[in-house]
Amino acid sequence: MADDTWHQPLRHVRAAELSGDTGQTPGMTRREAVSARTVGSQRVWMGQTLVAGRTSSGDHHHGDSETAIYVVSGNPVFVFAEDGAEVRLETSPGDYVFVPPFTPHREENPGADEAVVVIARSTQEAIVVNLPGLT
């Protein structure tokens with residue numbers, strides 16, 4: 001029987017099954033949910049990032065991957081450089097942020113409570129390139 005590409009099974013990744021075995025940046029904990037390794041995805045990576053209260057990630061970018069971020073809880077701030085100056089995007093639960101490929105940025109959590117975001121990327125694996133600064 002030939003492969004039936006129309007009737008492949010759905011995959012269920014339980015919260016307790018998320019893996020921390022992925023690219024990490026100081027100040028953050030990334031947990032992989034949907035990837036080539038976990039479910040066999042070919043074009044998407046999805047996971048969760050936890051940013052502790054009163055902390056900041058290191059400056060980094062995600063290579064040629066587009067990144068979409070959904071804020072689940074907390075009020076994380078996303079910082080990037082534009083025309084040599086830092087720009088701060090202050091977010092709330094329910095907000096979305098788009099990070100273009102190769103764009104240096106960092107996440108900050110100025111509040112006391114942990115911030116939780118869900119991340120989807122256009123590559124199957126989490127690309128994390130840590131940087132010495134935003135410019």
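The legends below describe several close-up views of one predicted model.

Residues are numbered from 1 along each chain as its sequence is written, and side-chain values use heavy atoms, with hydrogens and water left out. Because the model is predicted, local features need pLDDT of at least 70 and side-chain atom pairs count only at pLDDT 80 or more, whereas totals for chains, interfaces and linings use all residues.

**View 1**
Strands are DSSP runs of E with at least two residues, numbered from the N terminus. Strand β5 comprises residues 67-73 and runs antiparallel to β8, to which four bridges join it; two strands are said to pair if DSSP finds at least two bridges between them. Within this pairing, Y70 has Y96 of β8 as its bridge partner. Strand β5 is also joined to strand β10 (residues 115-121) by six bridges, again in an antiparallel arrangement. Here I69 has I119 of β10 as its bridge partner. In a regular strand the side chains alternate between the two faces of the sheet.

**View 1. The largest nonpolar core.**
A nonpolar core is a set of buried Ala, Val, Leu, Ile, Met, Phe, Trp, Tyr and Cys residues joined through side-chain atoms within 4.5 Å. Buried means under 20% relative accessible area, exposed means over 50%, and partly exposed lies in between (1.4 Å probe, protein chains only). The largest such core has eight residues, namely W45, I69, V71, F78, V97, V99, V117 and I119. Strands β5, β8 and β10 are the elements that give two or more residues to this core. F78 has contacts (heavy atoms within 4.5 Å) beyond its neighbours within four places in sequence, including I69, V71, V97 and V117.

**View 2. A nonpolar patch on the surface.**
Which residues form a nonpolar patch on the surface? The patch consists of Y70, V72 and Y96, which together have about 320 Å² of accessible area. Accessible areas come from the Shrake-Rupley method with a 1.4 Å probe, and for residues only the protein chains shown count as cover. Patches are made of residues with over 30% relative accessible area and no salt bridge; like charges are joined within 9 Å and nonpolar side chains (Val, Leu, Ile, Met, Phe, Trp, Tyr) within 5 Å. Y96 lies in strand β8, which spans residues 96-99. With a relative accessibility of 64%, Y96 counts as exposed.

**View 3. The hairpin of β6 and β7.**
Six bridges join strand β6 (residues 77-82) to β7, and the two strands run antiparallel. F80 has V87 of β7 as its bridge partner. Two residues separate β6 and β7 in this hairpin, and D83 in the turn has a positive phi of about 55°. Strand β6 is joined to β9 as well, by four bridges in an antiparallel arrangement. In that pairing, V79 stands opposite R106 of β9.

**View 5**
Side chains of opposite charge can pair when their charged atoms come close. A salt bridge is a side-chain nitrogen of Lys or Arg within 4 Å of a carboxyl oxygen of Asp or Glu. Five salt bridges are found in the whole structure. One of them links R106 and E86, with an N to O distance of 2.9 Å. R106 lies in strand β9 (residues 105-109) and E86 in strand β7 (residues 85-90), so this pair ties together parts that are 20 residues apart in sequence. Another salt bridge forms between R88 and E108, whose closest N and O atoms are 2.7 Å apart. Because R88 lies in strand β7 and E108 in strand β9, this pair also ties together parts that are 20 residues apart in sequence. R88 counts as partly exposed at 41% relative accessibility, whereas E108 counts as buried at 14%. R106 is buried, with a relative accessible area of 11%. R106 also forms a salt bridge with E108, the closest N and O atoms being 2.8 Å apart. Through shared partners, salt bridges join D59, E86, R88, R106 and E108 into one network.

S65 is placed in the loop between β4 (60-61) and β5. Its relative accessible area is 0%, so S65 is buried. Beyond its neighbours within four places in sequence, S65 is in contact with V99, P100, P101, R121, S122, T123 and I127. P132 is placed in the segment after β11 (129-130) and counts as exposed at 87% relative accessibility. The C-alpha atoms of P132 and G23 are separated by 17 Å, although the two residues are 109 residues apart along the chain.
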